[in-house]
Amino acid sequence: NRGGAVIPSIKLQDSVPADPYFNNNGWIWLVDVGWIIMVLSQGVSEFGEMREQKAKYWTDFWNLLDWLQIFLTLALMVVWYNICFNGLYPLSDLWINTYNSSDVYERQEATSKLLLVLNDARDYRTGVVLNIIIILIRFFKAFLVQPRLSIVTHTFIRSFVDVVHFMVILACLLFAFVFTGIFLLGHKVADFADVGDALMRLYQAMLAVPLLKWDELKVAAQAADGYAMAMIWYVLFLFIICLVFKSMLLAIIMTAYAEARNKAGRKARTMWAQLGDVIISARAGARGALQLHHLIQFLHAEENANYPATDIRSKESVNILGILETYGKPGNIKSGTPKQIEFRMSYARQYLLGLVAEYFDFIDLKDPSDLEKSQRESFQRIHELDSDFKDIDKRLDRLTAEMHTNFSTLFSMLADIKGIQSAPASKAQAPNSKGHNASSAVDDTDVIDV
């Protein structure tokens, strides 16, 4: 290393089993054949989805990962059978024939072929490890089927962008501490002798602080006359990387988990509840009850001759009662005893209500972007209603003021009319010189004109 130490090492040669199928053991062949059938059936299924979705199919990351795993598995099978039947078994016979041979060239030929087989086996193991990692990632696709298991998958999806940007900053800081540690301690501490070992040591220390012990570093720093700088380096690493950045990474992941948990909702079904539904559905299907594919065929009865007694597609609107009424007609529901028909109708009613409940649960758990859009529209509508109410309030105030003015004018006019009517009445109490009543001077026409 950089300090001049000589570190002895031993390089072991690779090995492969000489007879991987143990004299053609049947169960090993059966496992291989079953694995090939599973991969080929997956390829057929993916090809069917590709034909249906066309160009949209390739926009899904999971579909690309599925095809990568299919092709990689098939390629590894070809490599494996090439190692076995073109390498191991012929080589075993060759090695047995040349084991006691004194011909150097025959022994060198056998050794050369053995090295080629070992190289192929090493490449095969690398491919198998990569294939296992891909299968592990595909498990998260399978988790999406179950609401509670999908929380983990959605957590990774939601936090991916933030984690990538965060890791850029973390990598810069971590490499800065790596090179600082190499210059301070590389000539005294073996783990800081090169970049790879120092990076792995600090990464482990970031996850578990006791792996980076100050007592070990203190002795090396004192021997290198760099005690003060080593202490500053150690304290900054613990505070910035182990405390701040690790907490920030956990905060990003926990925030994404909380969002995924809220999206799943408290009513998310558990695995055992779904397993119970599958068992109930299977038992009901065995008794001829309504299933989802039956319902789809029933709603598209014009294209299916299995349901001749339905006119449901000719109706303007469809509801549960209409579906049950049409489904209960002879020719649609499976024939049987009255008890069996009663069970099928009862199960169909519960099944349709369950579908409606799941639909409303799905509406409640729709995409967050749609929810945010709905909230913005609701806020805008509330703001518009608030403006409308303010305008109505102003109009009511103006109308009240105008009514008050109009009523004041009307009251004054009525008071004037009353004064005009009361004046002749007072004059009527004193007769004029001609002996006539003074009220005769004003007739009804004059009052009306006034």
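**Figure 1. Overall fold of the predicted model.** The protein has 13 helices and 0 strands, where helices (H or I, at least four residues) and strands (E, at least two) are DSSP runs numbered from the N terminus. Along the sequence the pattern reads α-α-α-α-α-α-α-α-α-α-α-α-α. This is a predicted model, in which local features need pLDDT of at least 70, side-chain atom pairs count only at pLDDT 80 or more, and totals for chains, interfaces and linings use all residues. Residues are numbered from 1 along each chain as its sequence is written, and side-chain values use heavy atoms, with hydrogens and water left out. Of the 450 residues in the protein, 23% are buried (under 20% relative accessible area; exposed means over 50%, and partly exposed lies in between, with a 1.4 Å probe and protein chains only). The accessible surface comes to about 31,800 Å², and carbon and sulfur atoms hold 64% of that surface (Shrake-Rupley method, 1.4 Å probe). Among contacts (heavy atoms within 4.5 Å) with a separation of 6 or more, 63% join residues 24 or more positions apart.

**Figure 2. Packing of helix α4 against helix α5.** Two packed helices are described by the angle between their axes and the distance between the axes. Helix α4 (residues 150-185) and helix α5 (residues 195-207) pack at about 120°, with axes 9 Å apart; axes are lines fitted to C-alpha atoms, for helices over the stretch in contact, and angles run from 0 to 180 degrees between N-to-C directions. Helix α4 is therefore oblique to α5 (under 35 degrees is roughly parallel, over 145 roughly antiparallel, 65 to 115 roughly perpendicular, and the rest oblique). On the α4 side the contact is formed by L170, L174, F175, F177, V178, F179 and I182, and on the α5 side by V195, A198, L199, L202 and M206. By class, this contact has 12 nonpolar, no polar and no charged residues (Ala, Val, Leu, Ile, Met, Phe, Trp, Tyr, Cys and Pro are nonpolar, Asp, Glu, Lys and Arg charged, and the others, Gly among them, polar).

**Figure 3. Crossing of helices α9 and α10.** The axes of helix α9 (residues 292-299) and helix α10 (residues 320-327) come within 12 Å and cross at roughly 90°, which means that α9 is roughly perpendicular to α10. L295, F298 and L299 of α9 meet I323, T326 and Y327 of α10. These contact residues divide into 5 nonpolar, 1 polar and no charged.

**Figure 4. Loop residue K54.** K54 lies in the loop between α1 (26-53) and α2 (61-98). Although K54 is not a glycine, its phi is positive, at about 60°. K54 is exposed, with a relative accessible area of 60%.
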